[in-house]
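Colleague: I am new to this structure and would like to learn how its features are read. Could you show it to me and take me through them in turn?

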Amino acid sequence: MLKLYNTATRKTEDFKPLGDVVKVYTCGPTVYNFPHIGNYAAYTYWDLLVRVLKINGYKIKRVLNLTDVGHLVSDGDEGEDKLEKGAAREGKSPFEIADFYSKVYLDNYRKLELLPADVVAKATDYVREDMKAVDLMTKNGFTYEIHDGVYFDTSKFPAYADFAKLDLDGIKAGARVDFSNEKRNASDFAVWKFIQPGEKHAMRWDYLGRPGYPGWHLECSTIIHETLGEPIDIHTGGIDHLPVHHTNEIAQTYAAYGNKLAKYWLHCDFIMIDGQKISKSLGNTYTLEDLEEKGFTPMDYKMWLLSGHYQRTRNFTFESLEGAKNRRQNWRNRIALCYQQEVKSDENIFEKILDAVNNNLNSAEAFAIIDNSKISLEDWKKIDELFGLRLIADTPDIAEEQYALIKERVDARAEKDFAKSDKIRDELLSQGIALRDTASGAVWEYTN
Ligand code: AMP
Ligand code: ZN
């Protein structure tokens, strides 16, 4: 039985789907810049979620959005749109920026063996539907208009603070002094922004008689409504989304459609690097490509991510990445051994691994079981499908000629022709195959 920690109830619950097809939505990236390694954490953990659902026999429809408009630098309603900022930085249009970085993200998802979502929804493809949602929210009495946009009146949604256990009085007290006094409540947020005269904003749509663009939080409510229909089974995102973005999604969906948004909410924690926040000013915004330059594959990084739990803050160091790389190498060589001798699994080994991941995606515990158990080739194949680590694909059996060379070396050693035996060993080494002499003869292993 799959159990998931549900942020909505703050409890670990048995997973009970709402219908025949499990509807999963993942808040996707803002496509304005090269992602750093922390940005892939959530998508890797949610890939595990989807794989675990599949292995438990569920049919799934999964939607991922790409934010290509409206996400302001402040995450609130102030500052520049991140896409416009990217466009100014690179002297391109925001549409070109969105196209380019969407491709970077999707290419790297493939490199990380993340299963593609059934629908990848660009925010800019849903702007008409956003307008309809704002119309509905307005008709239902949840919005008001001020000079720079249409705002959601959070006092009209009594449950607003419940999801994230927000302290609304605290938010009010902490609001900036120069806070727009047009806003009725400090927690109110823009569902639609008007472009001010003289303001540069290339992405613009006419609505309410003026040019404007959707508020960032709106796209997820709209896309879920259009592609999955609420309520959905599972909504996923980074822990930073809990107090504002997800809280606002819930409010909008209730205000526009009168519905609950999701039954289960999963939030993953953040990746730190050498104990520090990932940030440009600290110079630690490593990309996957940076790791590759240092000799680590995307699979090594995925192995590192999955060796911890999604709800823990993880501290990335190159030493720990080296550890993950070695662990994967060790697993691959255990697969290689399966080609050379019959390896039987310990009893119910895959069930035990499945039990671990069914317990709120505890891949860390599953990995420890794998480390400490005998595993057959058949079970390695299942493990590979469960985690998507390219263990089998990166560990093919060696060629006939290579086996012939190993045999020749055995004969050379029997004849005490050590020069020939060493020559063969070096030849295999140059092909990436190392020989290890054991009590029961030589076994071959991959060197990388
Ligand atoms: P950003 O493009 O910086 O707004 O980040 C997009 C999303 O990536 C955030 O909303 C987070 O959920 C996630 N994210 C950013 N930094 C990290 C990190 N260090 N570890 C894990 N997730 C992160
Ligand atoms: Zn979202």
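Modeller: Let us start with the pocket: on a 1 Å grid over the protein atoms alone, a pocket is an open set of points with protein on both sides within 12 Å along at least five of seven lines, and a molecule sits in one if more than half of its atoms lie within 2 Å of its grid points. Here the space taken by ligand 1 is the largest pocket. Please keep in mind that this is a predicted model, in which local features need pLDDT of at least 70 and side-chain atom pairs count only at pLDDT 80 or more, while totals for chains, interfaces and linings use all residues. Residues are numbered from 1 along each chain as its sequence is written, chains are lettered from A and ligands numbered from 1 in the order in which they are written, and side-chain values use heavy atoms, with hydrogens and water left out.

Colleague: Which polar atoms lie close enough to an oxygen atom of ligand 1 to be listed with a distance?

Modeller: A polar contact is a pair of N or O atoms within 3.5 Å; within protein, one must be able to donate a hydrogen and the other to accept it, and residues adjacent in sequence count only if both atoms are side-chain atoms. A polar side-chain atom of Asp240 lies 2.7 Å from an oxygen atom of ligand 1, and an N or O atom in the side chain of His241 is 3.1 Å from an oxygen atom of the ligand. Ile271 contributes a polar backbone atom, 2.8 Å from a nitrogen atom of ligand 1.

Colleague: Is Ser221 buried or exposed?

Modeller: Buried means under 20% relative accessible area, exposed over 50%, and partly exposed in between (1.4 Å probe, protein chains only). Ser221 has a relative accessible area of 2% and is therefore buried, and its side chain makes a polar contact of 2.9 Å with the side chain of Gln252. Trp444 also counts as buried, because its relative accessibility is 2%.

Colleague: What is the phi of Lys165?

Modeller: Most residues other than glycine have a negative phi, and most peptide bonds are trans. Lys165, although not a glycine, has a positive phi of about 50°, and this residue is exposed, with a relative accessible area of 57%. Glu113 likewise has a positive phi, near 60°, but is partly exposed at 28%. The peptide bond from Glu230 to Pro231 is cis, with omega near 0°.

Methods:
On a 1 Å grid over the protein atoms alone, a cavity is a set of points where a 1.4 Å probe fits but cannot get out, and a pocket is an open set with protein on both sides within 12 Å along at least five of seven lines; lining residues have an atom within 4 Å of a point.
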